[in-house]
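Here is a short tour to read with the model open beside you. Take the headings one at a time and follow along in the viewer.

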Amino acid sequence: MDQYVIGVIVSNVSGVLSRVSGMFTRRGFNIDCLTVGETESSGFSRITVAFRGDDEIKERIVQQLQKLHDVREVEVLNRNETVIRELLLIKVRNKAETRQDIMTAVEIFRSKIVDYSPNALVCELTGETSKINAFIELLKPYGIMEMCRTGIVAIERGDNCLKTVK
Amino acid sequence: MLISGAKIVVETLIEQGCDTVFGYPGGQVIKLFDELYLCRDRINHILTAHEQGASHAADGYARATGKVGVVIATSGPGATNLVTGIATAYLDSVPMVAITGNVPCSLIGRDSFQEVDIVGVTMPITKHNFIVKNISELADTLRMAFKIAKSGRPGPVLVDIPKDIQVAQCEFEPKNQPVIPAPIPFAPDDKLEKAAELINAAERPYIYFGGGIISGKASGELIALAEKINAPMGCSLMGLSAVPSDHPLFLGMQGMHGHFASSIAEDESDLIIALGARFSDRATGNKNRFAQNFKIIHIDIDGAELHKNISADLGIKGDIKDAVARLAELAEAKSHTEWQQRIAELRNEEKLRTEKALQASYQKSCENCSNSCGRNGLSAEQKLRPYDIIDIISAHAGDSVVATDVGQHQMWAAQRYPLKKPRTFLTSGGLGTMGFGMGAAIGAAIATGKHTVLFTGDGSFGMNLNELATAVSQNVPLVIVIMNNGVLGMVRQWQTLFFDKHYSNTTLARQTDFVKLADAFGAKSSRVFSKDELETAAAEAFAYNGTYVIDCAVDCDEFVLPMLPPGGSIDDIITDIK
């Protein structure tokens with residue numbers, strides 16, 4: 001099954017995230033991740049949803065999103081024409097015998113160490129989902145203590161925009 | 001002019017053309033009810049026995065008139081008692097505005113007395129809902145609620161108003177007209193042309209319509225299309241009353257308990273033209289089998305319905321009235337002689353099967369009946385079969401609005417009652433809410449000011465019979481026909497067919513005397529066993545300008561037929577039960 005990424009512009013009002021996420025639950029659509037944040041206009045937020053499914057499910061999701069009163073704009077993003085990023089914060093054990101290997105991985109992945117303590121290292125990494133997954137796999141043998149990732153945000157290349165006001 | 005939030009609510013309701021509201025007072029709407037008292041000569045409040053009854057009454061009022069129904073309840077339990085009514089309206093696309101009080105903003109989120117997050121609770125069963133925390137937004141929020149409720153595919157909207165907002169003062173500018181619904185998109189030309197091509201090429205077209213024809217006021221256009229292409233029409237439960245029952249091209253409801261000819265014709269057709277209907281599982285049965293033999297054109301105002309339950313060959317989003325009118329222009333006139341011959345055969349077969357089932361039922365002994373219906377002494381001709389009850393009542397009822405509850409009686413009424421014009425058959429189709437009928441019938445009777453008929457069962461009636469108090473106190477002209485078989489008949493029918501006659505909790509064994517009960521509530525009543533008795537009671541009931549309960553004895557083993565088993569298909573149709 002393909003993964004689809006949908007950009008959704010919503011009114012920035014109380015409860016809007018519940019309405020959108022509730023719709024997915026209620027209609028039985030499974031999602032990989034959902035992120036929400038501010039946009040260039042103060043009255044609007046942007047939600048990015050990623051899910052796996054076929055063309056029919058994608059169409060149903062778009063239609064159901066468009067029915068929500070607070071939803072202003074819905075667009076299925078073409079992956080080839082879209083910049084997709086995710087942020088990872090990961091805490092691994094800081095041991096003398098593995099420290100150098102971790103540093104090498106951090107350097108090659110263009111990650112950053114953002115906290116250093118006697119027993120733990122916190123690395124930060126931004127990238128596409130596949131790169132994040134590869135980095136996590138690489139760090140597993142060194143002892144992952146804790147990790148969190150933001151889920152993806154996505155924006156189209158070029159001058160195509162998901163307009164907040166039409 | 002500086003006025004209170006409560007007054008803003010009442011003034012905005014009046015501004016939106018609302019002359020009747022249904023509700024129940026309580027601590028967090030006491031200020032709102034004070035304003036209703038002060039404005040009682042401009043807006044009529046109907047007090048019910050329970051908030052659920054009020055929500056169904058607002059729904060019935062909306063279904064009978066096409067206007068937005070309004071219901072008011074207090075916070076907490078008042079608000080949660082509306083939930084079933086709101087969900088009923090949501091599933092059947094009925095325009096409704098529900099107004100609830102809530103605790104003052106400063107107490108929200110603290111589990112205060114009678115506090116509930118009704119916006120959270122009703123999010124999945126409303127088109128949209130609001131909580132107003134700023135009085136300056138109150139009037140526009142209410143206007144938006146009306147706009148959303150009646151725009152596009154209609155539905156319920158809830159506005160939650162904390163008590164301090166009702167008390168606070170704010171400037172109010174009345175508008176000189178109600179909000180106008182959002183413009184409806186029209187179906188694109190190229191798609192309608194494609195649809196016309198499919199229709200022109202079809203040899204056995206079948207029109208399947210739903211409630212969208214009624215809310216879209218498209219009955220005339222639908223009939224014109226059907227007559228031009230000479231196609232038979234069938235409908236979903238929600239589509240009933242859109243077309244006169246005696247229209248020569250109308251085969252009746254299709255689906256699980258649809259007419260034999262209607263369901264078979266649908267299956268034998270080569271093109272389904274679905275108009276304002278949504279292919280519910282009760283209408284289609286097994287979806288894989290359903291779409292086997294025919295192509296489907298699906299036209300609906302709600303784009304999310306296209307390809308949701310059934311993959312249509314051509315899905316068209318647009319205003320149904322406009323789309324059907326343009327389609328009728330584009331389509332070629334046809335006679336479809338062979339197809340109409342086949343339809344005539346099917347109608348004939350349906351008639352024979354119905355007659356056979358009827359005779360079997362007249363001959364049947366009632367000895368095993370758990371209900372002491374007292375019919376054993378009657379001659380076969382005098383026994384009351386469900387269809388006889390419908391026939392006798394309809395002969396007296398004229399053009400009355402008919403409401404139903406949910407169960408066997410609902411299906412018998414749907415199959416048999418001769419309907420003449422739109423908005424005269426009010427039934428809970430999507431949610432299947434037992435207890436819907438009393439409130440809905442009261443709302444319709446108040447809206448039309450005329451006799452309204454309620455068909456109910458002893459099970460459904462038991463759920464909200466407290467609203468008899470409302471009917472009597474409002475002196476509502478209501479004829480309540482209880483098909484009393486002493487059992488929860490629809491579930492019993494399933495138990496007979498699919499659960500080895502394990503009648504688990506469907507035999508009521510109640511000793512309720514509905515005549516005494518009606519008397520206690522101040523309504524007139526009679527209990528009838530035979531056709532003659534029902535004739536007498538019906539004449540009396542329709543001559544009486546008030547609420548009249550007719551308690552009809554019905555055999556507990558009467559079945560709703562035909563039946564397509566749940567998840568089954570047309571191949572499994574059951575037309576008689578040994």
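## A parallel pair in chain B

B:Leu271 sits opposite B:Lys295 of β13(B). The two strands involved, β12 (residues 271-275) and β13 (residues 295-300) of chain B, run parallel and are joined by five bridges. Strands count as paired when DSSP finds at least two bridges between them. Helices (H or I, at least four residues) and strands (E, at least two) are DSSP runs, numbered from the N terminus.

This is a predicted model, where local features need pLDDT of at least 70 and side-chain atom pairs count only at pLDDT 80 or more, while totals for chains, interfaces and linings use all residues. Residues are numbered from 1 along each chain as its sequence is written, with chains lettered from A and ligands numbered from 1 in the order in which they are written.

## Helix α11 of chain B

Buried residues of α11(B) (residues 219-229) include B:Leu222, B:Ile223 and B:Ala226; buried means that 20 or more other C-beta atoms, placed from the backbone, lie within 10 Å of the residue's own. Among the elements covering the buried residues are β9 (205-209), β12 and α15 (320-330) of chain B. Just past the helix, B:Asn230 adopts a positive phi of about 50°.

## A look at chain A

Chain A holds four helices and nine strands. Of its 166 residues, 22% count as buried.

Methods. A residue is buried if 20 or more other C-beta atoms lie within 10 Å of its own, exposed if 12 or fewer, and partly exposed in between; C-beta atoms are placed from the backbone. Two residues are in contact if their C-beta atoms, placed from the backbone, lie within 7 Å.
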